[in-house]
Amino acid sequence: MSAEGTRSGDKKPRDTAFKQQRLPAWQPIMTAGTVLPAFYGVGLLFIPIGIGLLVTSNNVQEIVVDYTNCKQAGANLTCAEVVQNVSSPGTCMCQVDFTISSDIAGSVYMYYGLTNFFQNHRRYVKSRDDDQLLGVKQSRSTLNTDCKPYDGETVNGTFMPYAPCGAIANSLFSDTLTLSYGSTPVGLINTGIAWWTDKNVKFRNPTGSSLQDAFSDTLKPKYWQNPVYELDSNNPDNNGYLNEDLIVWMRTAAFPTFRKLYRRVNHTDTFQDGLPAGNYTLTVDYKYPVTAFDGTKRMILSTVSWLGGKNSFLGIAYIVVGCICLVVGLVFTIIHIKYGKKQPDMTDLGTGM
Amino acid sequence: MQNFARRSIRRIGRSVGLEAIPPGESRTIYVANRQAPWAGTEVYIAPEEYPDNTITSSKYTAWNFIPKNLFEQFRRIANFYFLCVGIIQLSLGDDTPVSPVTSIMPLVFVVFVTAIKQGYEDWLRHKADNEVNKSPVHVIRQDELVEIMSQDIRVGDIVKVHSDESFPCDLVMLSSDDPEGNCHITTASLDGETNLKIHSSVPDTAHYNTIPELKGLYASVECQEPEPDLYRFVGRINIWKSPNEPVAVKTLGPENILLRGARLKNTPYIYGVAVHTGQETKMALNSHTKLGKRSVIEKSMNTYLLFYLFVLVAETSLCTGLKYWYISRVGEPWYVGEDPSKRPIFLEGLVDFLAFLVLFNYVIPISLYVTVEFQKFLGSIFISWDIEMYDEKNNLKAQANTSDLNEELGQIEYVFTDKTGTLTENEMCFRQCSIGGAQFEEYHGNLVHMSSRVPVSTANMEAAVEEFLVAIALCHTVHVHSNNSSANSTPVKANGMSMDSAASFEYQASSPDEKALVEAADRFGITFLGQTRITEGKSAGDFLKISVRGEEKEYELLHILEFDPTRKRMSAIIKLPNGNIRLYTKGAESALLPLCLTGERDKTLYHVNQFAEIGLRTLVYCIKELNEEQYADIKSKMTEARNALQDREEKVNAVITYIEKDFHLLGATGVEDKLQDGVSDTIQALRLAGVKVWVLTGDKQETAVNISHSCTHFQRGMNELYLVQQRTMEQCAETILQHLKSISQSRYQHSTTVTGNTRRIQEDHVTTHALVVDGMSLAHILTDHRDLFMELCQNCTAVLCCRMSPLQKAEVVKLMKASPEHPVTLAIGDGANDCSMIQEAHVGVGIMGKEGRQAVRASDFAFARFQFLKKLLLVHGHYYYIRLATLVQYFFYKNVAFISPQLLFQFYNGYSQTTLYDTAFLTFYNIFFTSLPILLYGLFEQNIKKVDLMKNPELYKDIAKNRRLDIFHFLYWTILGIWHALVNYYGPMYLFWDAPSLMPDQTMFGNFGLGTFIFTAVVIVVNLKMAVETNYWTWLNHFAIWGSIIVYFLFTLVYSAIMFGWPIDNKPMYWVFLQLLSSPTVWLALLVLVTACMVPDIFIKVIFKHIRPSRVQHKQMKMKNKLQQLKTSISTVSEQMLLSVQSSRAPSRATTPNIEGVRYVTRSETAELVTTL
């Protein structure tokens, strides 16, 4: 204090642009005149983009088959009535016939779709153990408690975790869908349907001399019929946590109405040019109960575009926003002509924005 | 022992509540903490009873910093709120929808940043404290001079202080090198008075001025317990000289005490005994912390906060209710599994309520307070950096004593200003005088008869004139300060050589009037040469040396009866060289003229009024001859009164009143107080800005009215209403009613003449009223009639209050604060008498003037010149108001836009409290992704150029009455926030609903993809919103706005590319962001969503700007149009020039004036052109 006091130095503030708040600055003033070109520009840009997107989306062909209430083959019951209890499912095979009216060109993908299924429910979303799925062998203490009540069981005094644990895995979609064109079965590929990083990084099998050995200290989840290492009997690499159907299911959907990629149509031999028009049969090994929560089940066949699947929202959004911009541009033009030249009267002063 | 017993008894009494602490309780201190060996009973000496000499301005120590600072911080409602939310999250355990990290980490960040800031500030205080506390001082311990640290001084220590050192504690002076025991000190750092003052020891101790001598000093000091008044000290010193002599008792007054903070000058050394130490010194008692003032915005901010708390609870209750309605309808689906924690239903309800609360709590912006604090802190630094508020002459820059009120400067509706030293220079200049009924004025350094224009010659001076000038030269408290080091040598000054001699000595006085008068007397041939003290022989005493027309004379100064504001006069009793004793008195005419018996009373009064009319400050001089008996009588009465320990002041006053009467009038002086530069410009600007200016002064009515005219506070054509000299309340009320009637009449007359023309004309031609009130009338008003008076004031453009006591000034401010509109007030002043109003007003401004530093210390802002007020209000006030108001609005907006999708998502996940956003997004949104742009906006935004704000004061009205936080602006921000939330939620929802793949390879996104997508859109939109609001784009704003978006992208890229489990479990987010970015649909969707969000923003902004523009926008567009015209004219001119150059070698004459004209315009607007282009 005293040192500063005696040093009767020059207290003059420095005259720099920063200290004097004179930093060079761009001072845009938005008026109708200055912004209207931007609105016209955006409008004129967005409407064609929107039309393009809409056309792209409309070019995607989509066949939706709701098989929720399909009838059990040879019986007068719907499979939904047969398969009501999730914990002890019966078997119910059913077939749905449908027609594709025109040829579907290009790669075709098969989805299953559920409605009213809240995969985004809080307790459901977190009811998983990512470390377990990474191949870490979990004990009772290390297992994520969020997996409860589907965490494991005590067998002969020792705790055995479910593999994989948690509500998500437990409720794995278990219907088997097959497709035939007339009598020709349509080849379906059950790999390449999950993210590459999920398949190769995020999901790992535990180590063991064999896959079965790797899962030796675990139990199959409560509602499952096969243990995790026997999910795909045809492809030994598509088993354990690396089963792609499991991986796809584990990526919980954002909304209660969702679809998930199920199969890719094999275009290598018979259906090289896509699916021809004609009568098709969907055969369902119906195991998954949805009527308990008023849900439905669908099978969806869809072609692809560079945008993904059929989605007209984006195109419409672009067209709507583009039109609004044009209208705003028009309003601004009127304002510019009406107010631009003459100054608004000082008596009309308002609060401004 | 007695003493100890007395103390103990008193202490016991106090502790059991029997004895209240008497206000002026005294303490007894034994010099050097020892007692004369021959003195009676032994006395218990306990310096430990008093605090040591440590000064602590710091708040924390290293040990208590963490707990104390945390406690302080969590007393803030926002921090406490987030602490509660964090605790709720922790206690919810597995049922918390989002990790506790999301509220604890931002809270830790905010608390940490605040702690660093406060810790740094405290560290600076510690450093300053240490520098003072550890500085070496010399004290006498065991009869030897030892050097100790300042903090170790104890009460009773004899301290030696050398020249140019400051006093380490309050000392009673014992002796100095001067055998008379005088020393010179400056109290600049205490009260800002720069003149040297003479302080002295009592004569009995003056010779104890060496260490061996001091060994033999046995004395005790009885004095008051510490009190903050710098100018009051009552005490007594008892000296045991030798066993044979009786104890000598002498009184001690303010002139005997050397206060901590003052500095010793021109005196080699002094000895003093420490009486008050450490926190008990008068300086420490004066540095009390001011009461916090809260700004209008801060109050609105708290209202907003409460509103959003209410919204939060409403949202939470709604969702909880809906959840139970939904569950009762459909029940929990089988796939979710039973809730493992089986709770009773009421507890379940509570848990659900708290879970929703946790989910939506981000609607309260956590970093609002810390950002506001930083914005204010840095903003106040910018104010002190303003070179346009720096006074070159005195090397003084503006200072902001508080950073809490920057934005309040934009809300001022009333300015209460002091006159002397604030509107005026407080630099007095002798102009005219009246001597024996004749009027004189100074003209080129000579005294000239007003009527005959004959100069008064020095050689042949009339007796009356000489007598008058001698009175001026004798009756004052001016010191002669020699610029040569030896202070005691009498300055030799030959008459007429004032140019040279000015360099060798100068007058120093606490009153600038006195200085001006003594200097004037010097110019006219009567020079005051200084004061000397002769200690030995018959002629011992104080002598004033004056040179009368070259002849040196010595006048013995017997007594000075100092000036005080109630008497409004001061006197000196002087023994003339011829042995006569005379009382010289000067003072206000109202105080002195009634006491004069002889002399030209009427003529002098007439002249005094004339002086006042031309704005001069007047003083009346008179004398009274005393004979020996009278003097002896006076002297004994004085001594008696001065030695009284009880009621000393009243007794002394009684004696003074007894002395000061029956005068002979000599004449009067008129001294001019120059107006400061730019005062009238500033007052005009403030008035245009819609600010009402009131002048509050202690000066007399005529002078005040005159100054008001000259500074255009009162303007020509104003109808002046007087409310003065009202002796009764009834009279007062009657006058006010009369005035009100006359005002309404003038308005009625007027309104018949105006027939619906534009408002502007109406405003210009309305008769304006000015009101003059004096202190006496105000006293009546304040007791009753407050409402009447307020009504009258609201109809007056200018108000002048004169003859005000300091307390009345504060009362007036308080009165207006309490008026129904609750206007925001600012008080500005420079003197100690302005402190109370400065502290009373919403914003207090101190002028660093000649009347000391008290006003500056009491103020919130301080600078050197009144005219800086214009920039402070019109520019800084405007900017900081806009900046902070927008900052507050933006903070609530961005959290509405951020968290509303979270609420909407609940309707689509079965009210299960699923979070839409990942933990990291919730944690970092407020502290990293959206904080810097608004902080920089808060520091650099300029909605219009400074020049335009200064030129167009009416722009200030734009922001009056907290306009930017009114319901209209609140709705603007909130509705847009909700719009942005709706677009950013429902847009992605329609993309993800029954999700067809958004990827060319047909893979799917889940709920984490949705959340990340929405969050990305929110971050972009919220930062773009800042961009739309920014009018002043420095590189820093670009850096912050685009930088925030880039930082978000970089962070999320890294965050979603690496898996880790601590502190945030980000495995669900693995690769989600990269997968999103690899989808063309996502990019296209972002583009259209952001556009859809921003279109209404821009639309509303532009529409309002054209249809109902604010003044600022009006101005902006005008400037823009001008610029365009300028551009086109420049281009046409250059085309013309080009053409003319092409067509003929010599350019035609016709284009030249045109070019000149353009150049003329260009010069004034080059800067604007450059920045805008």
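Student: Among contacts in chain B between residues at least 6 apart in sequence, what percentage join residues at least 24 apart?

Tutor: The share is 73%, where contact means heavy atoms within 4.5 Å. This is a predicted model, in which local features need pLDDT of at least 70, side-chain atom pairs count only at pLDDT 80 or more, and totals for chains, interfaces and linings use all residues. Residues are numbered from 1 along each chain as its sequence is written, chains are lettered from A and ligands numbered from 1 in the order written, and side-chain values use heavy atoms, without hydrogens and water.

Student: And how much of chain B is buried?

Tutor: Of its 1173 residues, 57% are buried, meaning under 20% relative accessible area with a 1.4 Å probe, protein chains only.

Student: How do α29(B) and α33(B) cross?

Tutor: The axes of α29 (residues 932–940) and α33 (residues 1035–1055) of chain B come within 8 Å and cross at roughly 165°. The two helices are therefore roughly antiparallel, a term for angles over 145 degrees.

Student: Which residues of α29(B) meet α33(B)?

Tutor: Leu932(B), Pro933(B), Leu936(B), Tyr937(B) and Phe940(B) do, and their partners in α33(B) include Phe1039(B) and Ile1041(B).

Student: Turning to chain A, which strands pair with β9(A)?

Tutor: Strand β3 (residues 109–114) of chain A pairs with β9(A) in the antiparallel sense over 6 bridges, and Met110(A) stands opposite Arg263(A). Strand β8 (residues 188–189) of chain A also pairs with β9(A) in the antiparallel sense, over 2 bridges; pairing requires at least two DSSP bridges.

Student: Is β9(A) mostly covered or uncovered?

Tutor: Mostly covered: 7 of the 8 residues in β9(A) (residues 258–265) are buried.

Terms used. Buried < 20%, exposed > 50% of the residue type's maximum accessible area, 1.4 Å probe, protein only. Helix = DSSP H or I, 4+ residues; strand = E, 2+ residues; numbered from the N terminus. Axes fitted to C-alpha atoms, helices over the stretch in contact; angles between N-to-C directions. Parallel < 35°, antiparallel > 145°, perpendicular 65-115°, else oblique.
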